[in-house]
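Colleague: Thanks for sitting down with me. Could you walk me through how the labels on this structure were reached?

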Amino acid sequence: MKPAINLKHNFKRIHSYIYAHEGLHKDTAFEELQKLIFCKVYDEQFNRVLKFYILPDESDENFKNRIDDLFMHVKKRYDFIFNDNEEINLNIHTIKYIVSELYNFNLLDTNIDIKGEAYEEIVGSNLRGDKGEFFTPRNVTSMVTEMVLSLFTEDKITSPGGIKILDPALGTGGFLISTIHTIKKMLEDEKFDDIQIRDMLKEISSNNLYGLDFNPFLVKVAQMNMVMHGDGSSNVVKANSLDLPKNWPLQTQQQFGFETFDLVITNPPFGANIKIEVPEILEQYTLSKFGAKNPRSSLPPEQLFIERCLDFLKPGGYLAIVLPDSILSNPGLKWLREYIFHENFIIASIDLPGETFQPSTGTQTSVLILKKKTDVEKKINEDYDIFMALPKTVGHDRRGKPIYKQTLDGQNILDENGECIIDDSLPLVVEGFKQWLKNEGMI
């Protein structure tokens, strides 16, 4: 076996084969592919004598029994991902094709970036939100993650248990994956070798990174995403973050306690058609009554997520959250802005370009970075500076097509390799924020 170089191509080819030969919906085809990727990863990690292979003269029965036995062990090892009664629901010829495409690769020794990008490619091409689940573009997750992690010291970020980070509306895990990328870069700068980085990332991820999502399919997608990028998958759990904690499984209640996280970073689902109206859920939130003569009978999830994220945070902890611009500008939501100011220091506000989530949705969005006040700080009213930015470009147009930096006469600007340069202002926001923190004496 050898490390993969262009795994993205193999994954796309396999997924297309499943889709073409099995007559499955794209989501289902993707889920079946995940099972066999897990088998491959498990085989390399735990079997001294490998089982994930195919021989030209082997009977179909022997081959299928060996792969089924491997998947049985996968289900036991990852019982938080797979149900005991799950099976690989593909015909024998498709399974043979997939195994033949992957068995020569050593995924364990394949570069984390190559594995992660390959997995994210098939995730992005097959999952599109229809209930407010529009996934955060990678350059946005990178910008937000780098900004908010710069508020912590590097030794805390790279120490197992140094800081606890949560995404309570996880989706496919984009913010946690960006966190892993940032940590990996820090370890590379410290000149650790690849094996050390792999082992350290696994320990840091398993102790520092946590995620919740209500959609069971997305939870499984995020868990596999974490496995491909370094791990921490056992801390990704299916639960409705907005529900009463007493309705979560006991282990989830213990693992995701209120006021136990140092950083919450998320892009909650938002939209006019997904309001929360269950009285029992609403009654637990201060926002259902804050600034109102009578309790509110319904609230959109993005508003409730602001309070729930603060519930999870320790006093003094940080929240980075993507929100619709209406929360920051709608006159009818002044009460909500007053709540945010009462509970937090506003560290930063970034007004994202209108193309950010297009073509999926045209909702105008901003990123807020907040610091949760202590009870004492809530009683003190004093002015302070806020970092604000208005990036003009996000790397693509309204149709999702890439845009490139150009000269005044409309010619594309090329880099040292002769490649066009993506016109994306978000990295400049990160640079500006870090400089602002230094000027403010915050780092």
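This is a predicted model: local features need pLDDT of at least 70, side-chain atom pairs count only at pLDDT 80 or more; totals for chains, interfaces and linings use all residues.

**Strand pairing and burial**

Colleague: What makes S4 and S5 a pair of strands?

Modeller: Two strands pair if DSSP finds at least two bridges between them. Strand S4 (residues 261-266) and S5 have five bridges, in the parallel sense, so they qualify as a pair.

Colleague: And in which sense do S5 and S7 pair?

Modeller: S5 and S7 pair in the antiparallel sense, over seven bridges. Leu319, for instance, has Leu370 in S7 as its bridge partner.

Colleague: How many residues of strand S5 are buried?

Modeller: Nine of the 12 residues in strand S5 (residues 313-324) are buried, so the strand is described as mostly covered.

Colleague: Why is Asn344 called buried?

Modeller: Buried means under 20% relative accessible area. Asn344, which lies in strand S6, has 0% relative accessibility, so it counts as buried.

Colleague: What surrounds Asn344, leaving aside its neighbours within four places in sequence?

Modeller: Asn344 is then in contact with Leu310, Leu370, Lys371, Lys372, Lys373 and Tyr384. Leu370 is also the bridge partner of Leu319.

Colleague: Let's turn to Gln358, in the loop between strand S6 (344-351) and strand S7 (365-372). Why is Gln358 called buried?

Modeller: Its relative accessible area is 15%. The cut-off for buried is under 20%, so Gln358 is buried.

Colleague: What makes the Gln358 and Arg398 side chains a polar contact?

Modeller: Such a contact needs a pair of N or O atoms within 3.5 Å, one able to donate a hydrogen and the other to accept it. The two side chains come to 3.3 Å, and the pair is a polar contact. Beyond its neighbours within four places in sequence, Gln358 is in contact with His396 and Gly400 as well as Arg398.

**Two helices**

Colleague: How do you know whether H8 and H10 are roughly parallel or roughly antiparallel?

Modeller: Helix H8 (residues 174-189) and helix H10 (residues 216-229) pack at an angle of about 10°, with their axes 10 Å apart. Angles under 35 degrees count as roughly parallel, and H8 and H10 are therefore roughly parallel to each other. Leu176, Ile177, Ile180 and His181 of H8 make the contact with Asn225, Met226 and His229 of H10.

Colleague: Which classes of residue make up the contact of H8 with H10?

Modeller: That contact has four nonpolar and three polar residues, and no charged ones.

Notes:
Residues are numbered from 1 along each chain as its sequence is written. Side-chain values use heavy atoms; hydrogens and water are left out. Helices (H or I, at least four residues) and strands (E, at least two) are DSSP runs, numbered from the N terminus. Buried means under 20% relative accessible area, exposed over 50%, partly exposed in between (1.4 Å probe, protein chains only). Contact means heavy atoms within 4.5 Å. Axes are lines fitted to C-alpha atoms, for helices over the stretch in contact, and angles run from 0 to 180 degrees between N-to-C directions. Angles under 35 degrees count as roughly parallel, over 145 as roughly antiparallel, 65 to 115 as roughly perpendicular and the rest as oblique. Ala, Val, Leu, Ile, Met, Phe, Trp, Tyr, Cys and Pro count as nonpolar, Asp, Glu, Lys and Arg as charged, and the others, Gly among them, as polar.
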